[in-house]
Amino acid sequence: MADQSFWPDEFGETQIVAPVTLLRQQAAQLGQKTRGMVEAQVGSMTEGHPLYDAISKATGRPFFRHSFKIVAPSLDGYTYELFTIRHGIDLYPVQIVPGSFSGARPELQTEEDLLEWLKGVLGSDRTKRIVGSLLAQIRQSPGPLRTLRV
């Protein structure tokens with residue numbers, strides 16, 4: 001009796017695409033569009049990180065937190081955090097972390113809402129200016145930037 005499993009045979013895996021998957025898909029697209037001169041990375045904060053632990057303790061619930069960053073490898077790895085999202089175990093709704101992107105909706109209820117929001121953020125004038133500025137610096141720079149150590 002001790003080796004009997006009480007787990008179901010199936011777990012009802014959802015067909016909804018996880019927010020981090022949507023972010024990673026869009027991150028890969030930027031590198032392709034700029035031929036690798038400017039890339040995007042998605043970083044996830046996990047338990048054990050001081051900020052994660054503080055927020056989780058304050059809200060009483062664990063969560064997933066993902067940051068979308070624009071990176072210029074040839075500019076000494078310059079990184080610009082464009083926005084951060086968080087969500088609970090149920091994937092949706094997704095909250096836009098305050099201060100991440102001006103004009104952001106505070107909560108996105110569905111996968112479709114997140115896709116629409118991403119389309120607006122990634123295609124915005126602000127994002128175009130950020131990527132355009134990085135591309136200009138890369139094209140006008142004779143080589144990789146070096147960090148001056150004092």
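Tutor: We are looking at a predicted model, and its secondary structure comes to 4 helices and 5 strands.

Student: How does strand 2 pair with strand 1, and over how many bridges does strand 2 pair with strand 3?

Tutor: Strand 1 and strand 2 pair in the antiparallel sense over 7 bridges, and within strand 2 it is serine 67 that stands opposite glycine 43. Strand 2 also pairs with strand 3 in the antiparallel sense, where phenylalanine 68 has phenylalanine 83 as its bridge partner. The number of bridges between strand 2 and strand 3 is 9.

Student: Is strand 2 largely enclosed or left open by the rest of the structure?

Tutor: A residue counts as buried when its relative accessible area is under 20%. By that cut-off 7 of the 9 residues of strand 2 are buried, so the rest of the structure leaves strand 2 largely enclosed.

Student: Which residue takes a positive phi in the hairpin of strand 3 and strand 4?

Tutor: Strand 3 and strand 4 run antiparallel and are joined by 3 bridges, with histidine 87 standing opposite valine 94 in strand 4. Their hairpin has 6 residues between the strands, and the residue with a positive phi, near 75°, is leucine 91.

Student: Which residues touch the most other members of the largest nonpolar core?

Tutor: In soluble globular proteins, nonpolar side chains tend to be buried together. The largest nonpolar core here holds 30 residues, and those that touch the most other members are Val38, Phe68, Ile70, Phe83, Leu114 and Trp117. Among the elements that each supply at least two residues of this core are helix 1, strand 2, strand 3 and helix 3.

Student: What does valine 38 touch, leaving aside residues up to four places away in sequence?

Tutor: Valine 38 is one of the core residues that touch the most other members. With residues up to four places away in sequence set aside, the residues that valine 38 touches are Leu30, Gly31, Ile70, Val71, Val131, Leu134, Leu135 and Ile138.

Student: How far apart in space are tyrosine 78 and valine 38, C-alpha to C-alpha?

Tutor: Tyrosine 78 lies in strand 3, where alanine 72 stands opposite it. Tyrosine 78 is partly exposed, with a relative accessible area of 40%, and touches Ile70, Val71, Ala72 and Leu134 when residues up to four places away in sequence are not counted. Tyrosine 78 and valine 38 are 40 residues apart in sequence, while their C-alpha to C-alpha distance is 9.7 Å.

Student: Which element gives the largest share of the lining of the second largest pocket?

Tutor: About 260 Å³ of space lies in the second largest pocket, and two or more lining residues come from each of helix 1, strand 2 and helix 4. The lining includes Gln26, Phe68, Ile70 and Val131, and its residues divide into 6 nonpolar, 4 polar and 2 charged. The largest share, 4 residues, comes from helix 1.

Definitions and conventions:
Residues numbered from 1 in each chain as written. Predicted model: local features only at pLDDT ≥ 70, side-chain atom pairs only at ≥ 80, totals over all residues. Heavy atoms only, no water. Core = buried A, V, L, I, M, F, W, Y, C linked by side-chain atoms within 4.5 Å. Buried < 20%, exposed > 50% of the residue type's maximum accessible area, 1.4 Å probe, protein only. Contact = heavy atoms within 4.5 Å. Pairing = 2+ DSSP bridges. 1 Å grid on protein atoms, 1.4 Å probe; cavity = no way out; pocket = protein on both sides within 12 Å on 5 of 7 lines; lining within 4 Å. Points joined across faces, edges and corners; volume = space filled by probe spheres on them. Nonpolar A, V, L, I, M, F, W, Y, C, P; charged D, E, K, R; others polar.
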